[in-house]
Amino acid sequence: MLLAASVALVPLFKALGLGTVLGYLAAGVLIGPYGLRLVSDTETLRHASEFGIVMMLFLIGLELQPSEIWRMRHKVIGLGVTQLVLTAVLLAVIIHFAGIHWNAAIVIGLALAMSSTAIAMQTVEQRDITKTDTGRAGLAILLVQDVAVIPILAAIPILATSGINASVGVDLTDAVDALDNPTDWLTPLTLIGVFIAAIIAGRYLVRPLLGYVARTGVREAFTALGLALVIGAALLTQYVGLSPALGAFIGGVLLADSEYRHELESNLEPFKGLLLGLFFISVGMSIAFSIMFTEPLRLLALVAGFVGVKFLVLFALATVFRMHLADRLLLAILLSQAGEFAFVILQFAQTSNAFEHVEYDLLSVAIATSMALTPLLLLAFDRLVAPQLDARHDKRKSDYIDDQQKIVVLGYGRFGQIVTRLLRAQGFEMTLIDDDPAQIDLVRKFGVKVFYGDASRLDLLHAAGVKDAELVVITVGGRDRILTIARNIRRSFPHVTIAARAIDRGHAHELMELGVEVFERETFLSAVSLGAKVLARLGYEPEKALELAKAFEEHDNKLLHDSFAVRNDEDAYVGLVRQSMGLLNAAMAADTLPDPQRPVDKSPPADSD
């Protein structure tokens, strides 16, 4: 039932642009006790699926390298730590004045200050904004939150057992009793000993074992070992009375600089994804809709309250870091919900008697509601706010272009840099334009003069002197952006020659329709070059491999132009391609080639004398 509901709803929700997390939540609601009631034992499912969080902390630990933390130190401290502390304090104060005891208010504030790593990171990856200001800021904040789970869980028992009415004398008496009781003061020493033993075992036992299993080449054995490491680390810390998530996290950190880190990540990632999916399904099942009907105003006030506080704190901090308005809004929406660790913290607090069961039910519904609300807020941002802000192109006014050349290059990313370096090496001067301020500021440090501006705007093309240019090279990224720029140039400056970056064969045909005759598919030549190197490694003479690669390149380019005439007739297009492939195979087979299974003898010839 779990898998069937996931398959039915998760792809649908992703196709609708609502995100997979919301799909999992909906699947849980559908088959849970408030839906079709196909699954009733939600408590067992939740406990089993929480291992997904343990797995996620292990993988987070694997990625937690000191060099990465140091590189992001300003955002980690300025954004991450400040956000967590400021949000938790504000929420705790508000909750306390709403009638909740200070200790419980602090626990709830810390829990609600957490954001959903699963929702935020998935959204960042889907939008391909990992390297942007929003992506880096979100990563720094989530990193601090994930690490902060450990001390928060450790502090909950203290908050649960201490009260505001406890006297200093009682505290001192308890402290003296603790010193008299060896089991109390030996516990910290035991924890330190376990941690030291884990470090030693990680270096001198686990790493050699990983190497041994990796050398056997048995992939499933390596996967089994990875799972055993996660479970073992979790059980070890659970045995000494701490959270199993702490053990998994420490285990990941200890292997962060291991040469087998990436292999562990790739093997364990599917398990993490599936278990987190089950976790969100269990969250959907646990949503007590009865509370929605019995206390709708209280629930609405709670959700609006903590989501609003988190939004304002995140927006203010992003403003301090001088992020663009659109980036500030996106970051604030992206992290405004409560996260999966909030369930863990509140569940642990409930078992520690930090607050009543009724409060836990209300908070659980509020957290799940906030998580379900985030994809809807992002959808509203994309449809209503982002088009008005035009975040990509209006970050600052276009530069005044005082250096007009006969060659204009639009786009100075990796693709554009290679083209311009080749031209500059032959003595050509160019006008360079890009719309990424960070990239422009970086290359200007190396003495490269790049102007800021949106290449799709006609006024900027006029300012760049395209009217008098001989050649315009379009190297920006994005299929539609390239076509838009080429269309504008062809319409307003029909005499100018256009050289463009093509994404694939279909994109090349669209450029050809616009009259662009000079283009190159961005991955074609690199793939042909790699193919030639592979042939050489398989035993072909290097010169012969290059000759075959060149022949293939010429044949494919001819096919590209021949198929342009029949691009709108599917049957004719398929027939032409199949015929061309047959001719290519026949031509290649007719050539005299060495047996690829027999390595070429590259030893020097014997002395003829």
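Residues are numbered from 1 along each chain as its sequence is written, and side-chain values use heavy atoms, with hydrogens and water left out. Because the model is predicted, local features need pLDDT of at least 70 and side-chain atom pairs count only at pLDDT 80 or more, whereas totals for chains, interfaces and linings use all residues.

Helices (H or I, at least four residues) and strands (E, at least two) are DSSP runs, numbered from the N terminus. Two strands are taken to pair if DSSP finds at least two bridges between them. The model contains an open sheet of 6 strands with parallel pairing, in the order E3-E2-E1-E4-E5-E6. Strands E3 (451–452) and E6 (518–521) form the edges; each has a single partner strand, so one side of each lacks a neighbour in the sheet. E3 pairs with strand E2 (residues 431–434) in the parallel sense over 2 bridges. Aspartate 434 has tyrosine 452 in E3 as its bridge partner.

Helix H2 covers residues 20–31, and its end C-alpha atoms are 17 Å apart. Among the buried residues are Val21, Leu22, Leu25 and Ile31.

Isoleucine 199 belongs to helix H11 (residues 182–216). With a relative accessible area of 39%, isoleucine 199 is partly exposed, a class between buried and exposed (over 50%). Its C-alpha atom is separated by 9.3 Å from that of isoleucine 250, 51 residues apart along the chain.

Technical notes: Buried means under 20% relative accessible area, exposed over 50%, partly exposed in between (1.4 Å probe, protein chains only). The expected span of a helix is 1.5 Å times one less than its number of residues.
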